Amino acid sequence: MNNQHSAALAPAAAADQAERQGWYLVFTLLIFYIFSFIDRQIISLLVEPIKRDLQVTDTQIGLLQGLAFAIFYTLFGIPIGRLADRMNRKTIVGVGVVIWSLMATLCGLAKNFTQLFLARIGVGVGEAALSPAAYSMITDAFPREKLGRAFSVYNMGIAIGSGTAILVGGLVVAAVSGEGRTFTLPLLGEVRAWQFVFIVTGAPGLLLPLLLLSVREPTPIWRSEERRVGKECR
């Protein structure tokens, strides 16, 4: 009797554990999504000092904010989505986070328009890795009836990240701004205030992949069900 009761409880306990792991995955990916929006939008607060120090035009600013990021973010999402169907998705996300965080940091070391343009391309390429792999993992981590909630929580990163970029970015800009103000950083030397903002907001993202060490690569729900049915048949 006790053995039968334990056997009946085992699937329910396994389902609860899988759901907890699924929500932990979602909130981890949400943190990544928030940081991605901070790194992609922080440039909007730095337009004037960039124009002043790098002598760029309004058209070039438009290219930095739009084309440099958007074209490569869009185009690289397709092949990365194909990779997400074949490779470990945690690895894809981790590599993407490192690339965009490194490139966001390198925006702070740019000395001219071309260097800043290339760094912004790198931010777009890195961020293109997140959502295809994230949507794939979330889909595998939840049954169909709970996917709506899971995707809704993940997509909160758009609003939270956008708001955080303006709020935190504004505070950082206000704290370090000042025409002609510079900072001396170890190994990097002297940087201007707007460059310092890129470095301060981009560099912390290099540590984010450590969160993936506590995340399990989810097994597709249909595959888990297939295994369960196979065990019951045996």
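What percentage of the 234 residues in the protein chain is made up of buried residues? The points below take up this matter and then turn to the salt bridges.

1. The structure is a predicted model. Buried residues account for 42% of the 234 residues in the protein chain. The chain exposes about 12,600 Å², and 64% of that area is supplied by carbon and sulfur atoms.

2. The secondary structure of the protein chain consists of nine helices and two strands. Read from the N terminus, the order of the elements is α-α-α-α-α-α-α-β-β-α-α. Among the contacts in the chain with a separation of 6 or more, 77% come from residues 24 or more positions apart.

3. The count of salt bridges comes to seven.

4. Lys146 and Glu19 form a salt bridge, and 2.7 Å separates their closest N and O atoms. This pair links distant parts of the chain, 127 residues apart: Lys146 belongs to the loop between α6 (130–141) and α7 (147–176), while Glu19 belongs to helix α1 (residues 2–41). Glu19 has a relative accessible area of 27% and is partly exposed, because a residue counts as buried under 20% and as exposed over 50%.

5. A salt bridge also joins Glu217 to Arg89, with the closest N and O atoms 2.7 Å apart. Glu217 lies in the loop between α8 (193–202) and α9 (221–233), and Arg89 lies in helix α4 (residues 89–107), so the bridge ties together parts that are 128 residues apart in sequence. The relative accessibility of Glu217 is 26%, and this residue counts as partly exposed. Arg89, at 6% relative accessibility, counts as buried.

6. Which residue forms a salt bridge with Asp58? The partner is Lys51, and the closest N and O atoms of the pair are 2.5 Å apart. Asp58 is exposed, at a relative accessible area of 55%, because this value lies over the 50% cut-off. Lys51 has a relative accessibility of 22% and counts as partly exposed.

7. In summary, the predicted model shows a chain of nine helices and two strands. The bridge between Lys146 and Glu19 links parts of the chain 127 residues apart, and the bridge between Glu217 and Arg89 ties together parts 128 residues apart.

Conventions
Residues are numbered from 1 along each chain as its sequence is written. This is a predicted model: local features need pLDDT of at least 70, side-chain atom pairs count only at pLDDT 80 or more; totals for chains, interfaces and linings use all residues. Side-chain values use heavy atoms; hydrogens and water are left out. A salt bridge is a side-chain nitrogen of Lys or Arg within 4 Å of a carboxyl oxygen of Asp or Glu. Helices (H or I, at least four residues) and strands (E, at least two) are DSSP runs, numbered from the N terminus. Buried means under 20% relative accessible area, exposed over 50%, partly exposed in between (1.4 Å probe, protein chains only). Contact means heavy atoms within 4.5 Å. Accessible areas come from the Shrake-Rupley method with a 1.4 Å probe; for residues, only the protein chains shown count as cover.
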